[in-house]
Amino acid sequence: PDETWSSATIAKGKGLYGGTCSVCHGFGTYGHDSIPDLRRSLFVSNRAGWEAVILQGAFAHKGMPDWSESLTLEDSESIRAYVADRARVLRDDEETARKADFSR
């Protein structure tokens, strides 16, 4: 996403992610098996879509719970900030790896 967030918001999101999302989506946002890797989710760049999934149950039919009774709108956005931060790290790591492959 083009948005940027404060380090405090990202840190809050990390804590919320760890206590809410990591059981299914993996610690550090590393998806596994059939659970989506959130770092690669298109919803990270789409706040309205993210909120629909997290707070409105848009993917309840796929097993994604509606967290509206546990998370606030601010909490959801903090988690999105954390996932976006992890997505940027992934992007940078993959770019570094591509450059290393080309230099051989």
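The model is predicted. The chain contains four helices and zero strands, and its elements follow the order α-α-α-α from the N terminus.

**Overall dimensions and surface**

- The C-alpha trace of the chain extends over about 50 × 30 × 20 Å along its principal axes.
- The chain has 104 residues, of which 38% count as buried.
- Among contacts in the chain with a separation of 6 or more, 57% are made by residues 24 or more positions apart.

**Packing of H3 against H4**

- Two packed helices are described by the angle between their axes together with the distance between those axes.
- The crossing of H3 and H4 is right-handed.
- On the H3 side, the contact is formed by Arg47, Trp50, Glu51, Ile54 and Leu55.
- On the H4 side, Leu73, Ser76, Glu77, Ile79, Arg80 and Val83 take part.
- By class, the residues of this contact comprise six nonpolar, one polar and four charged.

**Burial within H3**

- H3 is mostly covered, with seven of its 10 residues buried.
- The buried residues of H3 are Gly49, Trp50, Glu51, Ala52, Val53, Ile54 and Leu55.
- These buried residues of H3 pack against H4.
- Ala48 also lies in helix H3, but Ala48 is exposed, because its relative accessible area of 55% is over the 50% cut-off.
- The C-alpha atoms of Ala48 and Leu90 are separated by 23 Å, and the two residues are 42 residues apart along the chain.

**The largest nonpolar core**

- The largest nonpolar core holds 17 residues, and Tyr17, Trp50, Ile54, Ile79 and Val83 touch the most other members.
- Helix H1 (7-20), H3 and H4 each contribute at least two residues to this core.

- Asp75 lies in helix H4. Asp75 counts as buried because its relative accessible area of 11% is under the 20% cut-off.
- Apart from its neighbours within four places in sequence, Asp75 is in contact with Lys12, Leu16 and Ser70.
- Gly18 lies in helix H1. Gly18 is partly exposed because its relative accessible area of 33% falls between the cut-offs of 20% and 50%.
- Gly18 and Thr29 are 11 residues apart in sequence, and their C-alpha atoms are 9.1 Å apart in space.

Conventions. Residues numbered from 1 in each chain as written. Predicted model: local features only at pLDDT ≥ 70, side-chain atom pairs only at ≥ 80, totals over all residues. Heavy atoms only, no water. Left-handed = near helix turned anticlockwise from the far one by under 90°. Contact = heavy atoms within 4.5 Å. Nonpolar A, V, L, I, M, F, W, Y, C, P; charged D, E, K, R; others polar. Buried < 20%, exposed > 50% of the residue type's maximum accessible area, 1.4 Å probe, protein only. Core = buried A, V, L, I, M, F, W, Y, C linked by side-chain atoms within 4.5 Å.
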